[in-house]
Amino acid sequence: EKSSFQVAACLLRFLATWCTSTPEVVYAVLSSSRATILSNLYLNSPTRANKNLDIAIAQLAGLVLGTCLANLRDETQASGWTRETVMQILTRKQLLQQKDRNGVDTSLATAATSSTS
């Protein structure tokens, strides 16, 4: 589990760095079917025994999405992803966390947002 976390963390950090310096990578990431996986990694609640690992992966996935948002120049090359779409994903997580802090069960809301992304 720890080694798979390390691989995922390294790849997400590399991808975020690469997206910063190469706009073509932003289009490749968003045009890939794997972009949905990024949004799910970001939105899903921690499930493992070590929630800190899940939280770290979610934060790194959010970093990649945020980097894509910041470096998205031409939305027509992003296979339907727009700045607004990415911003909605990033904002949705914040709203879910805020509701969770207020004692509201967000497990169903998180599952619903994951299935619609």
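1. The buried set in α2 is made up of Val-25, Val-26, Tyr-27, Val-29 and Leu-30. Please keep in mind throughout that this is a predicted model.

2. Now for the overall layout. The protein chain has six helices and zero strands, so its elements, read from the N terminus, run α-α-α-α-α-α. It has 117 residues, of which 34% count as buried. The accessible surface comes to about 7,100 Å², and carbon and sulfur atoms account for 56% of that. As for contacts between residues at least 6 apart in sequence, 64% of them join residues at least 24 apart.

3. Is Glu-24 buried or exposed? Glu-24 counts as exposed, with a relative accessibility of 55%, because the cut-off for that class is over 50%. If you want a distance to check, the C-alpha atoms of Glu-24 and Leu-72 are separated by 9.2 Å, although the two residues are 48 apart along the chain.

4. The packing of α1 on α4 deserves a paragraph of its own. Helix α4 spans residues 51–71, and its axis lies 9 Å from that of α1, at an angle of about 15°. How are the two helices oriented to each other? They are roughly parallel, because the angle falls under the 35 degrees used for that class. The crossing of α1 past α4 is left-handed.

5. From α1 come Phe-5, Ala-8, Ala-9, Leu-12, Arg-13, Leu-15, Ala-16, Cys-19 and Thr-20. On the α4 side they meet Leu-53, Ala-56, Ile-57, Leu-60, Ala-61, Leu-63, Val-64, Thr-67, Cys-68 and Asn-71.

6. A word on aromatic rings. The count comes to one aromatic pair. Phe-14 and Trp-18 form this pair, with ring centres 5.3 Å apart and planes at 35°, so the pair is tilted. Why are these two residues about one helical turn apart? Phe-14 and Trp-18 are four residues apart in helix α1 (residues 2–21), which puts about one helical turn between them. In general, an α-helix has 3.6 residues a turn, so residues three or four places apart point the same way. Trp-18 itself is partly exposed, at a relative accessible area of 41%.

7. Next, the loop between α3 (34–43) and α4, where Pro-46 is found. Pro-46 counts as partly exposed, at 31% relative accessibility. Which residues does Pro-46 touch, leaving aside those up to four places away in sequence? Its partners are Lys-51, Asp-54 and Ile-55. Further along the chain, the C-alpha atom of Ile-57, eleven residues from Pro-46, is separated from that of Pro-46 by 9.6 Å.

8. One last backbone detail to look at. Most residues other than glycine have a negative phi. Ser-79, by contrast, has a positive phi, near 50°. Where is Ser-79 found? Ser-79 sits in the loop between α4 and α5 (83–101).

Notes
Residues are numbered from 1 along each chain as its sequence is written. This is a predicted model: local features need pLDDT of at least 70, side-chain atom pairs count only at pLDDT 80 or more; totals for chains, interfaces and linings use all residues. Side-chain values use heavy atoms; hydrogens and water are left out. Buried means under 20% relative accessible area, exposed over 50%, partly exposed in between (1.4 Å probe, protein chains only). Contact means heavy atoms within 4.5 Å. Accessible areas come from the Shrake-Rupley method with a 1.4 Å probe; for residues, only the protein chains shown count as cover. Rings of Phe, Tyr and Trp (its six-membered ring) pair if their centres lie within 6.5 Å; planes under 30 degrees apart count as stacked, over 60 as edge-to-face and the rest as tilted. Axes are lines fitted to C-alpha atoms, for helices over the stretch in contact, and angles run from 0 to 180 degrees between N-to-C directions. Angles under 35 degrees count as roughly parallel, over 145 as roughly antiparallel, 65 to 115 as roughly perpendicular and the rest as oblique. A crossing is left-handed if the near helix is turned anticlockwise from the far one by less than a right angle, and right-handed if clockwise.
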